[in-house]
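Visitor: Hi! Could we look at this one together? I'd like to start with the ligand and then see what else turns up.

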Amino acid sequence: MNEYPIGALAQIPKGEGRNFEVEGVKVAVFHTQRGEIFATQPDCPHRKGPLADGLVGESTVVCPLHDRSYDLKSGKELGADCVLKTYRVRTAPDGTIMLAL
Amino acid sequence: MTKQRLVVIGNGMAGARAVEEVLARGGADLFEITMFGDEPYGNYNRILLSNILSGVQDKSEIFLNPLDWYAENNITLHSGARVTDIDRAAHAVKTANSTVVHYDKLLIATGSRAFIPPIQGVFQADGSLKSGVFGFRTINDCDGIVAAAKQSRKAAVIGGGLLGLEAARGLLNHGCEVHVIHLGPHLMEMQLDSQGGAILKAGMEKMGVHVHLKMSTTAVLGKDKVEGLAFKDGTTLDCDMLVVSAGIRPNAELGTRAGLTVERAIVVDNHMRSVDDMNVYVVGECAQHRGKVYGLVAPLWDQAKVFADHITGANPQAQYVGSKLATKLKVMGVELASMGVTDATEESDETVQFSEPKRGIYKKLIVREGRLIGGILMGDIEKAAFLMQTFDRDSPLPEERLSLLFDLGGPSQKVTIDEMPADTQVCNCNGVTKGKIGACVASGKKTAKGVMEATRAGMGCGSCKSLVNEVVAWFAGGALEEDPSVHYYVPCIPLKKPELITAIREQNLKSVSAVFKALAFDGREDPLSKPPLASLLLTLWAGEYEDERDARFINDRVHGNIQKDGTFSIVPEMPGGITSAAELRRIADVADKHNVPLVKLTGGQRIDLVGVPKDQMPAVWRDLDMPAGWAWGKSYRTCKSCIGIDYCRFGLGDSMGLAVKIEGKFRGIDSPAKLKLATAGCPRNCSEAMVKDVGAVAIGDGKWEIYIGGAAGAHVRKGDVLCTVDSEDAVLKLCGRFMQFYRENAKWKERTYTFVERIGLERIRAVVVDDADGIAAALDDAMEVSTAAVYDPWKERDAPKTANQFATLIPAELPVGDD
Ligand code: SRM
Ligand SMILES: Cc1cc2nc3c(=O)[nH]c(=O)nc-3n(C[C@H](O)[C@H](O)[C@H](O)COP(=O)(O)OP(=O)(O)OC[C@H]3O[C@@H](n4cnc5c(N)ncnc54)[C@H](O)[C@@H]3O)c2cc1C
Ligand code: SF4
Ligand code: FES
């Protein structure tokens, strides 16, 4: 597994998500109001809704198309069985987002 | 106590339901449960295959018991495992790959399969179906049909029964020409009489399905693949695929081989036990009880209960006494419910009938000794819920027969639910009773959605959804005192809207994050509460509101409406539907320059540029150089208009001018739900002002009638006249005052059509027109402040509000030279 710097944390406003492309892989990265960051697959397993455009609260993201909710930590859908692929991600001391692929 | 081993063969709707019922009776402590299922999944809702075929639902949405459920309940599931033998002497079952499992109690729930009549050429030499021929029973079948339909021009369906018609309707959605071949003299003979069949045929044909009656298929043509059908009358029909829906056959062979009595299916006693073996139970379509074999789900819910009561000892006396059959056709565009017999058989039977074939309406009831023994409702099935319940319970009918067919302002819905006994089945597909819904509401589920998810009510064919909603509302209403949460503005803050407003004002909370920190439990954020809070703060603080974009739905972050593929639609302002040649030319140029996939006139009298990717929106706005039309938000949307006094020979007022003024004043105002307005130059109402949230209709002499609470969307309601005023300025003033009152008092997403009914027209008129509360001036001022604070969000094209606001994909900034 490799860790890639993908840009400054300031690229993602607090409470929102953005899609990044790293080495040909598309990843949605979320920056919560509490300052935590999470990374998941970009498309909702239901009908490919863009998860980065979803509403985020604590560590939950709600898909903008049909409101399915996922826990960003585990990738698990709340109250059902879908699972998102999650990636390890952290912020380096200089504020760079480091994503493990 | 050591546990007994319960083995279940068949992991379909009956088998899994029976196990659920056993678990519900504490069966986990009594039994070690093993299940075998031929299909390689957990249990799914077979009924919904029709929706999968028509593309209305997604495969992932129909699972009832996903694989986790088995693990969580300690059930050993052998999926994709076909049981081939039952050794009753050794108390063991054996699968195709020779797994042997022992049982103390055995449940057979193998259901049935599609019956394929032995038509010449339907099978290949190895006994499998010819390529292009399908049964319609499993997810597998469905996948095959959909894949084939995509390639096909012309599809045939043999069988004009319930399933055949559902298949035919589904195939239409894939763009095939569809032919239904039916042997009998009319469609759906099991459920309809000839008159009903004829009306149904007309309905199907109108939809585009070709129906051939009294046709006997003699051969399936084509060497390796279906190429057509040949009929007894010598004619042929070419087609490139064929769905055979000619009935079902119970999977009872296992029983025969094990020496159980099998007639049409495995014969059981009133405890759902094989008549030959005390340790073998049978439920579902493979069971024959009192000479009857069922092919619908409702009977198997009852059977599963009796089985569970008996085997767990919860009620050793439990007896199954048979079921009465009622069903609805799940064909989009046809409303059809049927129950019991289709024709009177005894001289004393009474038939109550109404038919209006032109409109596809047909209603027929057959009454014996004051009780309903059969019924057909087509085209208008309003009364179906009531009649099906009456039929099922064998309740005496009211003397006044007419009210059985039509609503004549009889007892209100509420009384009906009140009187409904707790064990009345509300959702037949999933066997959910009124009592069960009540228990679910009592356990804390306050929303219809929550209750539906927990009980699965309404998740079958969906036709009972509105009844489920009503029953939930009825229970939730009854629990008002104990549970105030249904009245909270957002679920995570225990305050009603007025109390929440007071708290926000007192604590000077100007951002959504500040509200969470100060008022939510533990300061926790709830994602779905963010947009309603943002909307409320905007209403309360207008220009002073601290706009945190993460609190807003994506539409409000980027000022367009998100589409199913993640692109957006762009609707520029066009007040009253008035545009100019120059503007149209510019729009056309923009559409060309940016390759906009679709240009569409909306129902709101403006132009929609559909399918624009997020990162292209700023450029499109720049080139359009028109103000935003706010077509995406919970906000003021548009004001439609008709031609009016300047041009129309009937015009009594300047509807166009007024629409432009209204839009100029209220554009962009946030509100709890959409606000759609219209003005009409006379009561001919060409712009539909009487069915808008707010409408103004000119009545002459400079006078306007103001309508509020109108709707013509998912709900249709004629607006109420709030008052008549005598100038355009007065229209603006009163509309604004009403809208502000609505903004401050409506629940989140409560449209005016509900708000006006909830608050009451008299009360609204008292506040807004007569100023009974003395707040009219305050409402007017608040609206002024709000309108002054609105700005055109499309200006963010030049000054984005957040980092990467319109980026669809950000390339990672990998350091150069890194490996
Ligand atoms: C674009 C448009 C259809 C069209 O091509 O004509 C449209 C499109 C949508 N309507 Fe509509 N409605 C459009 C006119 C209407 C009208 C007609 C009108 O405004 O005069 C109505 C009936 C009037 C009414 O609202 O009462 C209408 C009643 C609805 C409803 C039902 C609301 C209700 O409570 O009854 C919804 C669903 C909702 O709001 O939850 C809805 C929801 C939607 C949404 C926003 C669904 C969504 O959430 O994504 C659609 C967006 C599609 C998309 O991909 O962009 N749309 N919709 C129309 C835009 C008008 C405009 O210029 O702004
Ligand atoms: C497209 C469609 C639409 C329908 N619509 C409606 C409707 O609107 N209303 C309604 O009431 N009913 C409807 N039905 C009928 C309803 O689905 C059935 O009545 C119901 O599924 C019967 O349940 P069951 O458990 O008896 O059989 P099934 O659900 O068929 O379950 C039997 C299971 O046992 C498995 N099995 C069989 N033999 C073996 C073996 N030897 N070893 C292991 N496993 C085995 C099968 O693979 C199957 O999974 C519809 C059916 C279809 C196909
Ligand atoms: S009616 Fe409205 S919501 Fe429904 S599909 Fe058409 S645009 Fe979408
Ligand atoms: S696409 Fe995400 S919920 Fe439907």
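**Cavity and ligand surroundings**

Guide: Happy to! One note before the ligand: this is a predicted model, and the lining of the largest cavity is made up of five charged, two polar and two nonpolar residues.

Visitor: Oh, let's stay there a moment. Which residues line the largest cavity?

Guide: Chain A supplies Glu16(A), Arg18(A) and Asp53(A), while chain B supplies Ile554(B), Arg557(B), Val558(B), Lys614(B), Thr802(B) and Gln805(B).

Visitor: Which elements give two or more residues to that lining?

Guide: Those are strand E2 (16-22) of chain A and helix H18 (554-558) of chain B. H18(B) contributes the most, with three residues.

Visitor: And what volume does the largest cavity have?

Guide: About 40 Å³. The search of the whole structure turned up three cavities of 30 Å³ or more.

Visitor: OK, back to the ligand. Which residues come nearest to ligand 1?

Guide: There are 21 residues around ligand 1, and the nearest are Gly603(B), Arg606(B), Lys674(B), Lys692(B) and Tyr753(B).

Visitor: What about Lys674(B), how far is its side chain from a ligand oxygen?

Guide: A side-chain N or O atom of Lys674(B) sits 2.6 Å from an oxygen atom of ligand 1. For Lys640(B), a polar side-chain atom is 3.1 Å from a ligand 1 oxygen.

Visitor: And Ala714(B), backbone or side chain?

Guide: Backbone: an N or O atom there lies 2.8 Å from an oxygen atom of ligand 1.

Terms used:
Residues numbered from 1 in each chain as written. Chains lettered and ligands numbered in written order. Predicted model: local features only at pLDDT ≥ 70, side-chain atom pairs only at ≥ 80, totals over all residues. Heavy atoms only, no water. Near = heavy atom within 4 Å. Polar contact = N/O pair within 3.5 Å; in protein donor to acceptor, adjacent residues only side chain to side chain. 1 Å grid on protein atoms, 1.4 Å probe; cavity = no way out; pocket = protein on both sides within 12 Å on 5 of 7 lines; lining within 4 Å. Points joined across faces, edges and corners; volume = space filled by probe spheres on them. Helix = DSSP H or I, 4+ residues; strand = E, 2+ residues; numbered from the N terminus. Nonpolar A, V, L, I, M, F, W, Y, C, P; charged D, E, K, R; others polar.
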